Amino acid sequence: MKNTDEHKKIEYKTQEEILIRGNEAIGKTVRQIDKYGRVDSDGIKGGIGHVIEESLYGYKINSDAEPDFPEAGVELKVTGVIKDKNGYKAKERLVLNIINYMKEAYTTFDTSSFWHKNETLMLLFYEYKRDHHPGDFMFLKAILFKYPAEDLVIIKDDWQKIVEKIRAGRAHELSEGDTFYLGACTKGATAATSLRQQPFSNIPAKQRAYCLKNKYMTYLVRKFVFGEAQDEHIIKSVSELAGKSFESYVTSKLEAYKGKSVEELKQIFDMKSDAKNLGALVAYKILGIKGNKAAELENAGVAVKTIRIQYNGRIKESMSFAPFKFREVASETWEDAEFANTLRDTKFLFIVYRFDKEGVLRLMGGQFWNMPYNDIEEHVKDVWGRTKDILNAGCLTVTIRNNRMMNNLPAQADNPVSHVRPHGATRLGTTNLLPEGTKVNIASTDGSFVWPYEDRFPTQCFWLNNTYILSQLNDEFKKSI
């Protein structure tokens, strides 16, 4: 590769010049743009972004605090899109600048490193194709991106949440589940173990960077790259917020219908449905959404969950997550564990109902929630770790009594937060392979049933305990109606 000191420095003083230059990449492959031999037989030295920086825009790679084009106030970002059966989506979150906890805690949004560097983005999208050489990836679209007003309101709230944790001496507890569009993500292969000083605590915090979260990037791809129609917005006009955060705006709209029965709400909103997700559909109607998707929630990857509290103050149902494959859990590290990362990254909207003494189900309100850091790192880690150890040690043991199978995976009584069990009642449903070289151990059987496989077992899910979910709800939801 040629010495990058030989690069001819090109000055871009206006945003228009930067966009015009970016558009010259459209329809070309990375290999066609590369002037300095970064594309080789193994991949791309330094990444696709480095090719664009050097070969298209003609400047040396740097990690300056200033935007890439300081005179124009524009930061350059190159990112991939993937095509699947549902169309195009973002390949990943868009990682921005590293957060300097020692400095960021003393800024306002307008003086923050995030806003200083990323107020305007030059986004260059390429199509990522599995099993293709990166040099053959083609550029699809160049856009000069400024945050829409309705998105910027949420992003400012997100930034505030991140900085409030830093100011509270809790930078080590940051997670992407704290926020909607703007996240604080770990960066790079060693970021999870790269520790940084924080200003109001002696506890070292993982190195993190600001990022635009994956679901928000998918929204940008579909709207600005492919021009697809968007979901309905909860916020019809920024003026509706009247100084409220997005979270408080949503919960206050739900609060206005507190005490109404499901049947009353169906009448108010002229709904005929008795669908299984009726509780969520009613909430969408309250929020001004005609269908079952709201742009702000979809673009933030918010999981909407209906919670039903019994009249006795208990919750019957635990909360299930996607089925897992035994071999994948057995080979995961904690930092890369799928269940853990789902909880780290996901914000939930609980739509809470409660049965009154006559057995009528009534709306109590809504609550945004993400799992506290300590619960993930202590209790969830314990359940995941015990599951992994049982699988790897070949210790999965089954007892069969009265035509029922009982196993030694972590049960609800074993942990205050989480447990493992199948989704649904069918034990002969989907199965998957145990780690290679291991098999199911039959501790005892009364002969009522014989499991026919040695090397596979019914598919399991991680669950959050119903008692734990109840403990996380706001106190006002637990009061009798």
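This is a predicted model: local features need pLDDT of at least 70, side-chain atom pairs count only at pLDDT 80 or more; totals for chains, interfaces and linings use all residues.
Start by selecting F114 and Y147, the two residues that touch the most other members of the largest nonpolar core, a group of 69 residues.

Now return to F114 and show its surroundings, leaving aside the neighbours within four places in sequence. Which residues are in contact with F114? They are L96, N97, E104, F109, E119, Y147, I155, W159, L182 and Y210. As general background, nonpolar side chains in soluble globular proteins tend to be buried together.

For the next stop, move to another part of the model and select F326, V380, W384 and L473, which are included in a second, separate core of 45 residues.

From there, go to the sheet and select strands β3, β9 and β6, which form an open sheet of 3 strands in that order, with antiparallel pairing. If you follow the sheet to its edges, you reach β3 (94-98) and β6 (182-186), each of which pairs on one side only. Looking from one strand to the next, you will find that the twist averages 40°. Helix α6, residues 149-167, packs on this sheet and touches β6 and β9, while its direction makes about 45° with that of β6.

Where in β9 is the bridge partner of V95? Select C211, which is that partner.

The last two stops are in loops. Select D131, which is found in the loop between β4 (120-127) and β5 (139-146). Its phi is near 70°, a positive value in a residue other than glycine. Is D131 buried or exposed? With a relative accessible area of 84%, D131 counts as exposed, because the cut-off for that word is over 50%.

Finish at A242, which lies in the loop between α7 (214-225) and α8 (246-255). Here too the residue is not glycine and phi is positive, with a value near 50°. A242 is exposed as well, its relative accessible area being 67%.

Notes. Residues are numbered from 1 along each chain as its sequence is written. Side-chain values use heavy atoms; hydrogens and water are left out. Helices (H or I, at least four residues) and strands (E, at least two) are DSSP runs, numbered from the N terminus. Buried means under 20% relative accessible area, exposed over 50%, partly exposed in between (1.4 Å probe, protein chains only). Two strands pair if DSSP finds at least two bridges between them. Axes are lines fitted to C-alpha atoms, for helices over the stretch in contact, and angles run from 0 to 180 degrees between N-to-C directions. Contact means heavy atoms within 4.5 Å. A nonpolar core is a set of buried Ala, Val, Leu, Ile, Met, Phe, Trp, Tyr and Cys residues joined through side-chain atoms within 4.5 Å.
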